[in-house]
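Me: I would like to go through the strand pairing and helix packing of a model with you. Could we take it step by step?

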Amino acid sequence: MSETITSILEEHRSFEPPLGHSGSIASLDAYQALCAEFTEDSDASWGRLANKHLNWNKPFTEVLNRQHAPFFRWFEDGKLNLSENCLDRHIANGLGERNAIIWESEAGLVRHISYNALLADVCRAANAMSALGIEAGDRVIIYMPMIPEAAIAMLACSRIGAIHSVVFGAFSAQALRDRIEDTAARLIITADGGARRGAIHALKPNVDEALSKGCASIEHVLIVNHAGNNVDMRAGRDLDWHDALKAQPDQRPPLSVDSEHPLFILYTSGSTGKPKGILHSTAGYLLWARLTMLWTFDFRAESDVFWCTADVGWITGHTYSVYGPLACGGTTVMYEGVPTYPDPGRLWKLCADHAVTIFYTAPTAIRALIKAGDTWPEQHDLSKLRVLGTVGEPINPEAWMWYRDVIGQGRCPIVDTWWQTETGGHMITPLPFATATKPGSATLPLPGIDAAVVDEYGNEIKKGSGDGGLLVLRQPWPSMLRGIWGDDQRYIDTYWHKFNGSYYFAGDGARCDEDGYFWIMGRVDDVLNVSGHRLGTMEIESALVSHAGVAEAAVVGRPHDIKGEAICAFVTMKKTIDDSMATALAAELRAHVSKEIGAIAKPDDIRFADNLPKTRSGKIMRRLLRDIAAGRDIVSDTSTLEDQSVVQQLQQRR
């Protein structure tokens, strides 16, 4: 990062936590006392929590092995099973008939799945995978809509020690192929299709297309008949999920695995173009998923109904739609659909119908629903809500206030959470009944998390100075990523190289105010945050350049009221085009990116140029493009620009 980060957000409102409530961490004094315990003896504190909150088949004797840092190992000589911790132990405690999952389809179909029923299906699925030869350590791709079978498949993998990699159902065949080949997966679990905005989005054709060009490691495809689509079944490879499970017993002993046994690989975009396979292991991830449910949301399994709106194709869906709520023995809501279909009141109707008490969604959804007006939430009984959360990107203060006043009716604390795919769970967040909140601030690090804002040289920036810097984490934590699948050096270079291995560099800019509250200022690398989803600019540029007519492309973000960032692509074509061709060609390129990556990566703007602004060494000056895309005057240094006329041309065309 070459530019100085400065803060433009001025926010002075503050709200005390609700009175008369007792949370898992019930006061600021209790929070500070727990933080002090970690400061005094971090390993002892983590060890105490791991013994208290997880069921171990073989107790661990060492909390943290730093010998091969930054490849840290937690509780490494202990053994356990994640699905046993999420299912069997709750049933053993008499909770078998409690709802584990409440699922609703876009069409309004509702399923209630008890812990007993969920365990039975997980065991059948685990047995079906074993019958296909899947063993501990094998990789399984899960390419599904937001249906209970996605969670069942994830839990079944963990029961037999297989490593799952969930691929977001809106990703294209090419994106799916890339992930299959990187993991060398042996099995794909998919569906015939899923519902979205009243239409059926087919999935199996993308699987067939992906497998038509390579992917030699795949031996079988299990297909859930969910949407009623006709699918082509390849004899010997493709199997019906329901038939496969029906043939299997509903019992399967959980495999006891090492605490560091890989649990899943989840791909997130990187600035170099190729998505990164973030690797998480079992015990540390599960511990933090459970703790953050209790601390951040004050989750009470006996009475709360928890709804995280994220798809399981993203880390938020992993941790807070599936593993976190189930690790606590609670009830989680899953919804297959979008927030605004068939009308902008859908989320609020679901909250009312299912008596949701804790609601967790993205600022993108909140901003879209604000525009729809207050009449939609006012039509529904939201009195059961007691905690509201936001995730995916910083929330602007006015959206925070609307969320508090209209949805929370002034009584629900808001937990604005900062974390990443890489961190596994929340890192900086208010505690609902302990932390005073400020609209737009993620507030304070959780106990055990050592976060700081530093300058380019690693020096901590003074709190309250107003200066921004780089957000870093100075101590390891149990749910941290264990590496990038198949690329140890990229893991070191991406997260640890900048500060010579001393700090984990999150890639975000931040500032710290006089109260020690963190204000996240967005990405400082070439990764866009679009609707809470991280997309690599290089990945989109590569997709554009793969079009036969494109010579060069540069992708930047520009501010967007709803999505946070919009994707703006500057494109030079191999042949000269005139204005009459631009509209049709832009539509063609957007469709091309959608096919290569997925609809979420389609550029909002495509601007054609004869050339792109470059330094004399040939490097594209993306900071100039960001200014142009945002409609700002260019005030930064252009002395290294090779051709000054390029900027003038682009400004005239904006």
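**Strands, helices and their contacts**

Reply: Strand 19 and strand 20 pair in the parallel sense, over 3 bridges. Pairing here requires that DSSP finds at least two bridges between two strands. Helices (H or I, at least four residues) and strands (E, at least two) are DSSP runs, numbered from the N terminus.

Me: What should I know about the source of the model and the numbering?

Reply: This is a predicted model, in which local features need pLDDT of at least 70 and side-chain atom pairs count only at pLDDT 80 or more, while totals for chains, interfaces and linings use all residues. Residues are numbered from 1 along each chain as its sequence is written, and side-chain values use heavy atoms, with hydrogens and water left out.

Me: Back to the strands, then. Which residue is the bridge partner of Leu-388 in strand 20?

Reply: The partner of Leu-388 in strand 20 is Ile-414. Leu-388 is also the bridge partner, in strand 19, of Phe-359. Strand 18 and strand 19 are paired in the parallel sense by 4 bridges.

Me: What handedness does the unit of strand 19, helix 14 and strand 20 have?

Reply: Strand 19, helix 14 (residues 397–407) and strand 20 form a right-handed β-α-β unit. The term applies if, with the strands pointing away from the viewer, the path from the first strand over the helix to the second runs clockwise.

Me: Which residues of strand 19 are buried?

Reply: Strand 19 (residues 387–390) is covered on both faces: Val-387 and Gly-389 are buried on one side, Leu-388 and Thr-390 on the other. Buried means under 20% relative accessible area, exposed over 50%, and partly exposed in between (1.4 Å probe, protein chains only). In a regular strand the side chains alternate between the two faces of the sheet.

Me: What is the strand order of the open sheet of 7 strands?

Reply: The order is 5-4-17-16-18-19-20, with mixed pairing. Its edge strands, which pair on one side only, are strand 5 (110–114) and strand 20 (414–416). On average, and with direction ignored, neighbouring strands of this sheet are turned by 20° against each other.

Me: How many bridges join strand 4 to strand 17?

Reply: Strand 4 (residues 99–105) and strand 17 (residues 331–336) run parallel and are joined by 5 bridges. Ile-101 has Thr-332 as its bridge partner in strand 17.

Me: Which strands does helix 10 lie across?

Reply: Helix 10 (residues 315–327) lies across strand 4, strand 16 (305–308), strand 17 and strand 18 (358–361), and runs at about 165° to strand 16. Axes are lines fitted to C-alpha atoms, for helices over the stretch in contact, and angles run from 0 to 180 degrees between N-to-C directions.

Me: At what angle do helix 3 and helix 10 cross?

Reply: The axes of helix 3 (residues 82–92) and helix 10 cross at roughly 50° and come within 8 Å. The two helices are therefore oblique to each other. Angles under 35 degrees count as roughly parallel, over 145 as roughly antiparallel, 65 to 115 as roughly perpendicular and the rest as oblique.

Me: Which residues make that contact?

Reply: Helix 3 contributes Leu-82, Asn-85, Cys-86, Arg-89 and His-90, and helix 10 contributes Tyr-323, Leu-326 and Ala-327. Contact means heavy atoms within 4.5 Å.

Me: And how far apart are the axes of helix 12 and helix 14?

Reply: The axes of helix 12 (residues 363–372) and helix 14 are 10 Å apart, and the helices pack at an angle of about 70°. That makes helix 12 roughly perpendicular to helix 14. Ile-366, Arg-367, Leu-369 and Ile-370 in helix 12 meet Ala-399, Trp-402 and Tyr-403 in helix 14.

Me: Let me change topic to strand 11. How many of its residues are buried?

Reply: In strand 11 (residues 220–224), 5 of its 5 residues are buried. Strand 11 runs parallel to strand 8 (residues 187–191), with 5 bridges joining them, and Ile-189 stands opposite Leu-222. Strand 11 also runs parallel to strand 12 (residues 238–240), joined by 3 bridges, with Ile-223 opposite Asp-240.

Me: Finally, is Lys-595 buried or exposed?

Reply: Lys-595 is exposed, with a relative accessible area of 51%. Its place is in helix 17 (residues 579–596). Not counting residues up to four places away in sequence, Lys-595 touches Ser-172, Gln-174 and Glu-209.
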